[in-house]
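Subject: Structure handover

Hello,

Here is the structure I said I would pass on. My notes follow below it.

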Amino acid sequence: MNRPLLIMPAFLMVCFFAFCSAIASADVYNVKDYGAVGDGITDDTSALQTALNAVPENGTLYIPYGIYLTGALTRSGGIKIMGDHMGRPLAPTPLGTVLKFNAVDGTMLNFYNQLNFVLENLILAGNNAATTLVLCGGDSFNNRTRHCLIDHCEFRDATNGLVLG
């Protein structure tokens with residue numbers, strides 16, 4: 001019997017199970033555990049920044065259904081930020097996870113030197129002023145943001161929704 005043909009399926013199975021367990025064991029950090037309220041009234045900037053800082057490289061930050069008022073937030077290093085988008089794109093009253101910028105101007109989410117950056121199921125709302133909702137950049141060519149995935153996100157009420165540089 002040909003041994004290489006038997007070894008290949010076994011190797012692929014081991015790789016598949018290792019990959020699945022790595023995904024299953026990935027830590028998910030919930031912003032509510034860091035004091036975020038998400039009621040559309042409370043300023044959640046401090047809680048969101050604390051949660052962003054707590055998530056390890058390539059970890060996941062989960063932001064449940066709600067409207068989170070926030071000022072400027074920053075993060076360096078890979079991260080997945082995941083919410084609960086409930087559909088109804090561009091509805092007057094959005095349903096799901098809304099990050100609403102409450103500053104007069106500036107950038108809401110400033111992610112720099114990112115490798116493996118994911119935004120998923122979020123509504124990112126400005127304040128109809130000179131704002132940028134998400135800025136992904138770096139301090140040099142070698143430290144730029146790479147491998148970005150933006151999935152099921154909505155950008156609204158801002159001068160710039162997403163700036164990659």
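How many nonpolar, polar and charged residues are in the lining of the largest cavity? The lining has eight nonpolar, no polar and no charged residues (Ala, Val, Leu, Ile, Met, Phe, Trp, Tyr, Cys and Pro count as nonpolar, Asp, Glu, Lys and Arg as charged, and the others, Gly among them, as polar).

This is a predicted model, in which local features need pLDDT of at least 70 and side-chain atom pairs count only at pLDDT 80 or more, while totals for chains, interfaces and linings use all residues. Residues are numbered from 1 along each chain as its sequence is written, and side-chain values use heavy atoms, with hydrogens and water left out.

The lining residues are L48, L52, L61, I63, L73, I81, L99 and L109, each with an atom within 4 Å of a cavity point. A cavity is a set of points on a 1 Å grid over the protein atoms alone where a 1.4 Å probe fits but cannot get out. The largest cavity holds about 40 Å³ of space, taken as the space filled by probe spheres set on the points, which are joined across faces, edges and corners. The count is one cavity of 30 Å³ or more.

The protein chain has two helices and 14 strands (DSSP runs: H or I, at least four residues, for helices; E, at least two, for strands). Of its 165 residues, 36% are buried, meaning under 20% relative accessible area with a 1.4 Å probe, protein chains only.

On confidence, the mean pLDDT (0 to 100 for each residue) is 78, and 68% of residues reach 70 or more. Over residues 14-25 the pLDDT is below 50, and this stretch has zero contacts in the model beyond near neighbours in sequence (contact: heavy atoms within 4.5 Å).

Regards

Terms used:
On a 1 Å grid over the protein atoms alone, a cavity is a set of points where a 1.4 Å probe fits but cannot get out, and a pocket is an open set with protein on both sides within 12 Å along at least five of seven lines; lining residues have an atom within 4 Å of a point. Buried means under 20% relative accessible area, exposed over 50%, partly exposed in between (1.4 Å probe, protein chains only). pLDDT is the predictor's confidence in each residue, from 0 to 100.
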